[in-house]
Amino acid sequence: MKRLQLVVCAGTAAILTIIALGTVHVVEKAERAAWQAARQSLEGSAKAVENALERQLLQVDGALASLPALFKAAKIAPGQAGPAGQLLSGISFQTMAFRDLLLVAPDGSVVASGQSMTVRHPLPTDVALVGRNPTTLIGPVHNPVTGDWSLYVARPIPGWIGIVPVAEVPLQTLMKLVSETNLGRGTRIFLERADGRVIASQPHDELLIGKSHGAAHRQGAVNGVAFPATETGSDGGVLTVARQSLYGDIRVVLSAQNAVLLSDWRSARDGIVLGAGIVALFVLAFAAAILVAIRQREKVGAERERASAVLDNAIAAMSDGFVMWDENDRLVTCNQRYRDLYALSAPFIEAGARFEDIVRRGAERGQYPQLTGDIDTFIGDLVAWHSGDSGAIESMLPNGIWVLASERRTADGGRVGIRTDITALKAAHAELAAANARANAAVEEAQRQNIALTRQESRIRFLAHHDDLTGLQNRLAFRTQIADVLQQIGTRGGQAALLFLDLDRFKDINDTLGHPVGDQLLRDVARRLSACVRKTDTVARLGGDEFAILCTGHDQPQSAEVLSARIVDVLSQPFSIEGRAIAISTSIGIAIAEGAGGDADTLLKQADVALYQSKSRGRGTFCFFTEEMDEQLHGRIALEADLRRAIAEEQFELAYQPIYQLASRTLSGFEALLRWQHPERGSVSPGEFIPLAEETRLIVEIGAWALRQACRDAVHLPGAPRIAVNLSPVQLAFGDMVAIVRDVLAETGLDPARLELEITETALFDDDNRTLAAVKSLKALGVRIVLDDFGTGYSSLSHLRLAPLDKVKIDRSFVNDITVRPDSAAIVSAIAALAGELGMTTTAEGIETPAQMEAIRQAGCTEAQGFLLGRPQPLLKAVSSILVHEEIEAITARRLVS
């Protein structure tokens, strides 16, 4: 193996050497060819540039030579400046070879010019002296008019009395024309004098003009043959070629950087080197692969020997019995565990013994306790199992050990067998059978529990989408169905009607007859509603005494109108519950949906608006939602948004109306009234925004602000007047008023006895005992409780006994008529007397005239409030008015005494 590895390494080194030498040879040959091509290309370009230059100069010289004939034909003398200038201008216009033609006098002045600007400017010195010292080419000369470098071509004309025609050739134009030949990349062109001074270059280099270039001054350089040169500051060598033009002292010089000329060769060289490198890598990889294969072959041999040893050790160390038979069912090998299991047959278990012979001799010695019949039959069955693929079998040995025997056929026709001791497993199976019996009993119990849980889960799922009392859909499921129907209408067309139902005076029945009767009434209403609708319609209970019906079809709103009339009639029929005949009515709001673009919330709001409109028209009727209601709805939404913004921006303020004691005619306190100054709407009436605030529960936050601000203001009032703040029913139902009042009193330091909380009779007794309990808790804080608008609610005298009241405010409706209606005066007197007997004070609201003031004093009221005594004003104005009023009262009292 070592010798073979050396041969592979030597061959690889030889191949890599050949590749390296061949690559060097090819690269050098390609470089010589590239240099030769570059020289030939540069020399050809130099010849082409020389030809282009000479064509241009010959064209200029020809134009100068033709001037005598042209002047003669035009009958113009050279000294006639005007006609001569026009003729020269025409010639200059007809060619691009020069920019201007001039006639120069012997004194250096311009006699005539094709360009009018030239006559007005002096000529450069070299050009001005052309008449004294005629030369063929003058330049480079800086033109003072155009600012460009130019070459002047002069041709003396015999007989023109010293006047010399001169052509101005712009060098930039000339170089562009000669560079239009097929030049190679990076090639530069120079026009030089014989002494090496640069006339022009392309690309243009201003710093070189008129200076010695020097590259073409070497011996034998001006012969059209390319030669290497070096430029100062260049990054590498330069290849240069120079050619002498027909104009003796002007030569054409072309140069190019070696790096540019040989760029293609370098790319090809890199490709050749890369290719050679890749081939070398392949050779190395192939050689490495051969070496790896040789090494792997060595490893495989060693591994095979090691594996054989490991296998022998593994077989010997196996906890199970292992046995191997050849294709003739003769024993190949087995481990000691196999011999231990079949101890009675062990003397016959030898290599080369046949399977049938070993089994027969073992059976004769009692190796197989399961043998109870004919030995030949038993052996035949065991040999058949051994020869076939019948799977594993279990058998018990004489020592009580259970063995699992399994055999598999090998690729060469032999068999491999495993004998596993399963005694512990058999015992575990017995225990498992007993446990399985117990588990079956547990499963049956679990199934019974699962059935119960399934029923409960079904009940929960049902209650998640249905009302528990009536079995109808609840609000969540009903809203989902509305959204689905609206989506179908949007895609397939059609109409739908939503009916909102509210039972009139249901709360009275619930309060008087009890909740069980109310619940049974709701169930009966649900049954009647379900009987009124079609199978395609849906009835739902949204909560409380509110029901809704969703009708679909193309016959809306006619169908909804007929259904509403039927429902109003059916529900107006008396209900018999617990032997009582109960009569109710219902109000219905209807919203129609058609076409795309609708949503469930909007439809629900529209039906709700229509329901309120129906209730406002009277009970037991129905009403369709209209565009006017929609405008009202949008206005309500806009007002709600403004109301929320007003809370955030603190747009609310308090106005204070004084309350006077009638006996002493002194100030008793103030009532804090909420006002809203909207930045766009102006002053918004409390009757407009308070109901909306209560409906949206924003009154909880607004009321808390009003309470806190009123208490803050009361602390700074002179004296100790009481401050009255109105509480909304919503505040009592949804706000923790006890905690709010407690915190405000602690924060402001106001004496609780100075704070009066006004609650309407309806709010106080409309919510069972919950509101009454909250009022009692407020009273425990030390504040005064005032029953507001007494006489307009339930007007039950027992209410005065149930609540811990300190004051009763008589509604303004009685005060307005007290001077014209005796019954109103009697009611006010009765209320004042009853309140006095119960230890309460009375305040009459709405006093606007002196006659009303005198009437309530005679009726026995203790306090008065109204426009006559003072309008609601900001705190400072209200206090100022009180001070003025008290001063007037004092002056009046002094006058009466005197």
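Predicted model: local features only at pLDDT ≥ 70, side-chain atom pairs only at ≥ 80, totals over all residues.
## Nonpolar cores

The largest nonpolar core holds 76 residues, and those that touch the most other members are Phe652, Tyr656, Leu707, Val741, Leu755, Leu757 and Leu778. Helix α20 gives the most to this core, contributing 9 residues. Apart from this core lies another one of 47 residues, among them Ala63, Leu137, Leu151 and Tyr247.

When residues up to four places away in sequence are not counted, Leu707 touches Val725, Met737, Ile740, Val741, Val744, Leu755 and Leu757. Of these partners, Val741, Leu755 and Leu757 are themselves among the residues that touch the most other members of the core.

## The second largest pocket

The second largest pocket has a volume of about 840 Å³. Its lining is made up of 33 residues, of which Glu671, Leu673, Pro686, Asn726 and Asp788 are the closest to the centre of the pocket. The elements that give two or more residues to this lining are the strands β24, β26, β27 (755-760) and β28 (784-790), together with the helices α19 (686-695), α20 (699-715) and α21 (729-734). By residue type, the lining of this pocket divides into 14 nonpolar, 10 polar and 9 charged residues.

Rolling a probe the size of a water molecule over the atoms shows where empty space is left. Two elements, β24 (667-678) and β26 (722-726), each give two or more residues to the lining, and the largest share, 3 residues, comes from β24.

The lining of the second largest cavity divides into 3 nonpolar, 2 polar and 4 charged residues. Strands β24 and β26 are named for this cavity and also for the second largest pocket, where each gives two or more residues to the lining.

Helix α15 covers residues 515-532, and its 18 residues reach 26 Å from the first C-alpha to the last, close to the 26 Å expected at 1.5 Å a residue. The buried residues of α15 are Val517, Gly518, Leu521, Leu522, Asp524, Val525, Ala526, Leu529 and Cys532. An α-helix has 3.6 residues a turn, so residues three or four places apart point the same way. Within the buried set of α15, Val517, Leu521, Val525 and Leu529 can be followed along the helix as one such series.

Asn258 belongs to helix α7, which spans residues 258-261. Asn258 counts as buried because its relative accessible area is 14%, below the 20% cut-off for that class. Leaving aside neighbours within four places in sequence, Asn258 is in contact with Trp35, Gly237, Val238, Leu239 and Arg266.

## Backbone exceptions

Most residues other than glycine have a negative phi, and most peptide bonds are trans. The peptide bond from Gln202 to Pro203 is cis, with omega near 5°, and Pro203 is placed in the loop between β7 (198-202) and β8 (227-229). A cis peptide bond also joins Gln556 and Pro557, with omega about 5°, and Pro557 is found in the loop between β18 (546-553) and α16 (558-572).

Positive phi values are found at Lys75, where phi is about 55° although the residue is not a glycine, and at Arg697, where phi is near 65°. Lys75 lies in the loop between α2 (67-73) and α3 (81-93) and is exposed, with a relative accessible area of 76%. Arg697 is found in the loop between α19 and α20 and is partly exposed, at a relative accessible area of 45%.

Arg645 is part of helix α18, residues 627-649, and counts as partly exposed at 40% relative accessibility. Between Arg645 and Met396 there are 92 Å in space, C-alpha to C-alpha, while the two residues are 249 residues apart in sequence.

Technical notes. Residues numbered from 1 in each chain as written. Heavy atoms only, no water. Helix = DSSP H or I, 4+ residues; strand = E, 2+ residues; numbered from the N terminus. Buried < 20%, exposed > 50% of the residue type's maximum accessible area, 1.4 Å probe, protein only. Contact = heavy atoms within 4.5 Å. Nonpolar A, V, L, I, M, F, W, Y, C, P; charged D, E, K, R; others polar. 1 Å grid on protein atoms, 1.4 Å probe; cavity = no way out; pocket = protein on both sides within 12 Å on 5 of 7 lines; lining within 4 Å. Points joined across faces, edges and corners; volume = space filled by probe spheres on them. Expected span 1.5 Å × (residues − 1). Core = buried A, V, L, I, M, F, W, Y, C linked by side-chain atoms within 4.5 Å.
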